[in-house]
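I opened my notebook today to look around a protein model, one piece at a time. Come along and keep the picture beside you as you read.

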Amino acid sequence: MINITFPDGTVKQYESSITGLEIAKSISSKLAKEVLAIGVNGQTRDLTRPITEDATIQLYKFEDEEGKHAFWHSSAHIMAEALEAFYPGIKLGIGPTVDNGFYYDVDLPEGASLTDADFKKLEDKILELSRQKNDFIRTEVSKSDALKTFTEKGDEYKVELINDLEDGTITFYQQGQFTDLCRGPHLPNTGLVKAVKIMSLAGAYWRGNENNKQLTRVYGITFPKQKMLTEYLEQLEQAKQRDHRKLGKELELFAFSSRVGMGLPLWLPKGAALRERLENFLKKVQKDFNYSPVITPHIGNKELYITSGHFAKYGADSFQPIHTPQENEEYLLKPMNCPHHCEIYKTKPRSYKDLPIRFAEFGTVYRYEQSGELHGLTRVRGFTQDDAHIFCRPDQLKEEFLKVMDIVLYIFRVLKFEDFSAQISLRDKEDRAKYIGSEENWEKAEQAIVDAVAEKGIDAIVEYGEAAFYGPKLDFMVKDALGRKWQLGTIQVDYNLPERFELEYKGSDNQMHRPVMIHRAPFGSMERFVAVLIEHTAGKFPLWLTPEQAVILPISEKYNEYAKKVSKLLENYDIRSFVDERNEKIGRKIRDNELKRIPYLIIVGEQEMNDEVISVRKQGEGDKGVLKVEEFAQQIQKEIEEILVF
Ligand SMILES: [Zn+2]
Ligand SMILES: [Zn+2]
């Protein structure tokens, strides 16, 4: 008998060689139908593999990452089997899982073609193979046997992969007539796959090396229920509608120009105004929290980044230095604001009474990204961080952390990111030599973060070994309206830069001490934040932020003058509006402007002009009745104040 420990700590005895599937069956037949893989002492395995010693187990369903992995990985095998059926002689590269589904890189036989038009028959074949309920059978093979199998099959890609493997670690998996080299784990059988969609094709060099042959990458996704696929495709369609690159163009917020350069966003007037409002919003909050704004240049002497350590770490993979024509100096595009802020700290002697000092800057930085990695506003080569550096005493860390968290939580509330979580990244306690800074300071800092998070009641996971060598950190992730996770703000403790820049303050003991530095950027960057905000709101920005808060629609040209007068009056109340003077029917004007996501539509005609009033419609809510301009303005101001109240 062996002891099996379950995640809740209960221990049950089973016959040796029991399988995960049998354990699931012993609990309930429902569970046995849903379970896809098993964790045995932390290693994910096939459900059908016998367990022969005491073990702590975890049963994985489709909801679990490990379950999805086994599901999609098995699906990649089924897709390969289907491809082989249509393309005898096809050679197979690798077939891993991705965030949403899986792919297989394949080398089609001479003259064969695979296009979108083939997707349907491929899907049908996959479902046909799935319905055969073929078991995934694992066998351990020797390296020589493995090489023999794939040499005979004529699949040089698998042969190359096997050559890189150690003898004694090689396993094959077979389902139906198809055998693949694979580490596993897989599903018990193909029958669990009930829905499939081939998503797309792409070209991919074998092993990512452009000197190698280009293979065809086939992307697919599968689910245990048809309904789940339908929902996934609907969500994908919604995501497409919300794509910030699409909406950014439609709403005239930003653009890119190949002449200006890849990954360098151009903020158009409406986007720049939106960004300015976000910056002003943050500036105000930061002022309330006693931050001091500073401004530093876009370039810095190479020596600065040698001192900071950035050059040694990132120099080779970054934009290369700019040389001055006369003095033979070298400058780098600023990759980070921190070194500049350290130099500001050093401009005068500091005492313990001066701390904490908080320097804030909307600092634009430039980082090289490969062209293939660039993506809208979320991956760019030039971006502006809502950056700040706090220099404080070790005993002030926790309070500073709490204050930064207050700012982050306020932002999330105002912008309606209601679903968020945090990750605390701490040291790997086994590997202390890896980290700079004293044991005592690390203990203090880590405890400060953990306590601060607990005090705020934030849902957080703790990851050991994820801290940077220079300090622990806290990252915030938000879920958008579609449930997608985005990483936003970071709060990072740093013992390294104060050391490298020899930052000091005079303590109450009259001795010199090193301050601790905190890097923090609640938005991350303006670019990334605006992208996330667009996708979260589908472009329906909150009233205080939106480029145009109201549009005035004269019923006919006769009322254009009165409409302009209303717009002017609203301007006096800081309300952004414009007049739709087009010679169109009022119904058409309403429809067009509703599509533009403008929150308030103001209609003016004979009656309104004579009574000096306006008729108000609110986006999504309809008619709001007749109001005086002042009344309307006060209503809007109140609506905004209620959101922005701290
Ligand atoms: Zn596999
Ligand atoms: Zn920094």
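**Entry 1: before starting**

I reminded myself that this is a predicted model.

**Entry 2**

I looked up the strand order and found an open sheet of five strands, running β2-β1-β7-β4-β5 with mixed pairing. Which strands sit at the edges? I found β2 (11-14) and β5 (43-45), each of which pairs on one side only. From one strand to the next, the twist averages 35°.

Next I followed strand β1 (residues 2-5), which runs antiparallel to β2 and is joined to it by four bridges. I picked out isoleucine 2 and saw that its bridge partner in β2 is tyrosine 14.

Helix α3 lies across β4, β5 and β7, and runs at about 125° to β4.

**Entry 2: α3 again, now with α4**

I stayed with helix α3 (residues 65-86), whose axis comes within 9 Å of the axis of helix α4 (residues 119-131). The two cross at roughly 115°, and the crossing is right-handed. On the α3 side, I listed Ile78, Met79, Glu81, Ala82, Ala85 and Phe86 as the residues making the contact. On the α4 side they are Leu122, Lys125, Ile126, Leu129 and Ser130. How many residues of each class are in this contact? I wrote down eight nonpolar, one polar and two charged.

I moved on to strand β22 (residues 357-366), which pairs with strand β18 (residues 292-293) in the parallel sense over two bridges. Here serine 292 stands opposite phenylalanine 359 of β22. Strand β22 also runs antiparallel to strand β23 (residues 382-392), and 10 bridges join them. In that pair, I found arginine 358 opposite isoleucine 390 of β23.

**Entry 3: α13 against α14**

I looked up how helix α13 (residues 397-414) packs with helix α14 (residues 439-456), and found an angle of about 40° with the axes 9 Å apart. Because of that angle, α13 counts as oblique to α14. Their crossing is right-handed. Among the α13 residues that meet α14 are Phe401, Leu402 and Met405, while those on the α14 side include Ala445, Ala448 and Ile449. By class, the residues of this contact are nine nonpolar, no polar and five charged.

I found another open sheet of five strands, with mixed pairing and the order β32-β31-β33-β34-β35. Its edge strands are β32 (577-579) and β35 (622-627), and its twist averages 25° from one strand to the next. Three bridges join strand β31 (residues 550-554) to β32, and the two run parallel. Alanine 550 has serine 577 in β32 as its bridge partner. Helix α17 (residues 560-572) lies across β31, β32, β33 (600-604) and β34 (614-618), at about 170° to β32.

**Entry 4: one residue**

I finished with glutamine 634, which lies in helix α20 (residues 629-644). Why is glutamine 634 called partly exposed? It is because 13 other C-beta atoms lie within 10 Å. I also looked at tyrosine 573, which is 61 residues from glutamine 634 along the chain, with 8.2 Å between their C-alpha atoms.

Key:
Residues are numbered from 1 along each chain as its sequence is written. Chains are lettered from A and ligands numbered from 1 in the order in which they are written. This is a predicted model: local features need pLDDT of at least 70, side-chain atom pairs count only at pLDDT 80 or more; totals for chains, interfaces and linings use all residues. Two strands pair if DSSP finds at least two bridges between them. Axes are lines fitted to C-alpha atoms, for helices over the stretch in contact, and angles run from 0 to 180 degrees between N-to-C directions. Angles under 35 degrees count as roughly parallel, over 145 as roughly antiparallel, 65 to 115 as roughly perpendicular and the rest as oblique. A crossing is left-handed if the near helix is turned anticlockwise from the far one by less than a right angle, and right-handed if clockwise. Two residues are in contact if their C-beta atoms, placed from the backbone, lie within 7 Å. Ala, Val, Leu, Ile, Met, Phe, Trp, Tyr, Cys and Pro count as nonpolar, Asp, Glu, Lys and Arg as charged, and the others, Gly among them, as polar. A residue is buried if 20 or more other C-beta atoms lie within 10 Å of its own, exposed if 12 or fewer, and partly exposed in between; C-beta atoms are placed from the backbone.
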